[in-house]
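Here is a short briefing to read alongside the model.

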Amino acid sequence: MKTGAHVLIDCLKAEGVDTIFGYPGGAVLPIYDVLYDADLRHILTRHEQGAAHAADGYARASGRPGVCLATSGPGATNLVTGIANAYMDSVPMIAITGQVATPLLGRDSFQEADITGITMPITKHNYIVKDVSELSRTIHEAFYIATTGRPGPVLIDMPKDVSAGPAECVDPGVVTLPGYHPRLEPDAAQVARAVKAIEEAERPVLYAGGGVVSGSAHAELLALAELLLAPVSTTLMGLGGFPGEHPLAVGMLGMHGSKAANYAICDCDLLIGVGVRFDDRVIGKMDEFAPRATIIHIDIDPAEIGKNVGVDIPVVGDVKTSLGRILAQLKPRLDERWRDTIAAWKKEYPFTFEPNDRIKPQEVIREIYAVTGGNARITTEVGQHQMWAAQYFTYSRPRTFITSGGLGTMGFGLPAAIGVQVACPEETVIDIAGDGSIQMNIQEMQTAVNYNLPVKVAIMNNGYLGMVRQWQELFHNQRYSYTELQNPDFVKLAEAYGATGLRITKKSEIRPALEEALRIQGPVMMDFQIERKENVLPMVPPGEPISKMLG
């Protein structure tokens, strides 16, 4: 007899799922019993947060929804940070949690937590399945919601009697949800307004975000930029959505963006935001952001239009479709003066640092790019190293820079790298990490070892919580309150997990260490002992416009 757990696995396979990241426990034992014989790959992480981040990384790299599984109570709550992370960055993910049996709900039963209530603000939708007859429909609805419109995580909570009880897998047919109709086709009148504004602009700038990547709109973005001879600035989440080596690329904008990008935004007369949410780290002082520009905002989520910045021309729809409609009506731009101004700024204001006889983190990032030829999938933790990875590695393909943008989650990079490596087994995957952030989920090194996933970890070890220390230096009179770290021996720690550990203390050792790491078939942890008080520059101080940068 089939049970609810059988129905779950059958439905996951019907949705094309090939991998689950999870951690077992009492409330999900019926599901794990079925997984014992199922032809689905299960990756046993060492913490439920690691499972959520791995599913997140898998989704970002593959474009398919990632799936994570945890037991009730603390297992479910350990997923919360990973779910919130996916929600902030619009990542399609299905989180499945066990729950106490339905007769025990609301009784403070052992390992009971109201996970649907807890995650309501950080999921696109969530369910608790109290009747096994609703299970098939719920699973297919969850995948439909997670992957359509603006992507996001959906949680399914399964009481133990539902997963263990007798059930029948029912084909729900085409999913139709009253009240949920993502708008894919933009309004023709708004497209016409956007085209007119573009044709009248003298200094247009394209401002591209994560929606370009998740919406597979990179080809249309490139075509529009070349048609208009318009510079393209990307957010942190948008890196890779436009080829970084292209003459029209001006790099990331915002707090740690390039001077050329920030100056272009401040001087443009038309700003075309594509798949962006006008984040506070991008816009700086709100009333001085693009002060002379007409703003066009193209996004699939109408809730983002006008949320942070006033928009003159809203275009609500799928970004790929919307850009296609605009392209079809535009004529090529022949005036090259604006492009030449941007090119001069790029030449005058490149990302720079002061080399000395110690290892500079920027040098390490540049060497990673050189050794891989730029052909690598990069994940990061969160902090200074994340910004250096954004500034000094050139991303030419979408889905190759995978980082925690909106939530800024320390501990994201290593489990995300595991998910990326599972999704892209033939590619080089490198987690660029900080010595503080890596320790948040360092136990997932054991996961990489157990499944022989050749993830490479490059730790920028400065003995500090570097970004917090930088803020203390610049804005708190160098009062380094609890930001200096006493670190373990990362080489011995890697070896204890069964991985290879490499320590790099001299500049001359950087490239040989990277080349050795790439030759090794299994996971490698590299400890780069960098300049301790190196800062990320440029930097826009809090409350200042993005035109006023330090460094």
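**Strands side by side**

E7 and E10 form a parallel pair over five bridges. This is a predicted model, in which local features need pLDDT of at least 70 and side-chain atom pairs count only at pLDDT 80 or more, while totals for chains, interfaces and linings use all residues. Residues are numbered from 1 along each chain as its sequence is written, and side-chain values use heavy atoms, with hydrogens and water left out.

- Helices (H or I, at least four residues) and strands (E, at least two) are DSSP runs, numbered from the N terminus.
- Two strands count as paired if DSSP finds at least two bridges between them.
- Buried stands for under 20% relative accessible area, exposed for over 50%, and partly exposed for what lies in between (1.4 Å probe, protein chains only).

- How many of the residues of E7 are buried? Five of its five residues are, and the strand is mostly covered.
- Both faces of E7 are covered, with Pro 204, Leu 206 and Ala 208 buried on one side and Val 205 and Tyr 207 buried on the other.
- As background, side chains in a regular strand alternate between the two faces of the sheet.
- Strand E10 (residues 270-274) pairs with E11 as well, in the parallel sense over five bridges, and Leu 271 stands opposite Ile 295 in E11.
- Strand E11 (residues 294-299) is mostly covered, with five of its six residues buried.
- E11 in turn pairs with strand E12 (residues 313-316) in the parallel sense over four bridges, where Ile 298 has Val 315 in E12 as its bridge partner.

**The six-stranded sheet**

- An open sheet of six strands runs in the order E14-E13-E15-E16-E18-E17, with parallel pairing.
- Its edge strands are strand E14 (401-402) and strand E17 (500-504), each of which pairs on one side only.
- Strand E13 (residues 377-380) pairs with E14 in the parallel sense over two bridges, and the bridge partner of Ile 378 in E14 is Phe 401.

**A covered helix**

- Helix H17 (residues 384-392) is largely enclosed by the rest of the structure, because nine of its nine residues are buried.
- The buried residues of H17 include Gln 384, His 385, Trp 388 and Tyr 392.

**Backbone points to check**

- Most residues other than glycine have a negative phi, and most peptide bonds are trans.
- Phi of Ser 90 is near 55°, a positive value in a residue other than glycine.
- Ser 90 sits in the loop between helix H5 (80-88) and strand E4 (93-99), and is buried at a relative accessible area of 14%.
- Which side chain makes a polar contact with the side chain of Ser 90? That of Arg 150 does, at 2.8 Å; a polar contact is a pair of N or O atoms within 3.5 Å, where within protein one must be able to donate a hydrogen and the other to accept it, and residues adjacent in sequence count only if both atoms are side-chain atoms.
- Not counting residues up to four places away in sequence, Ser 90 touches Arg 150, Pro 151 and Gly 152 (contact means heavy atoms within 4.5 Å).
- Asp 108 also has a positive phi, near 55°; it lies in the loop between E4 and helix H6 (115-119) and is exposed, with a relative accessible area of 75%.
- A cis peptide bond joins Leu 537 and Pro 538, with omega about 0°, and Pro 538 is found in the segment after strand E18 (524-529).

**Around Pro 541**

- Pro 541 is placed in the segment after E18 and counts as buried at 14% relative accessibility.
- Pro 541 touches Phe 475, Lys 548 and Leu 550, not counting residues up to four places away in sequence.
- The C-alpha atoms of Pro 541 and Trp 471 are separated by 9.4 Å, with the two residues 70 apart along the chain.
- Leu 474 lies in helix H20 (residues 466-475) and is partly exposed, with a relative accessible area of 33%.
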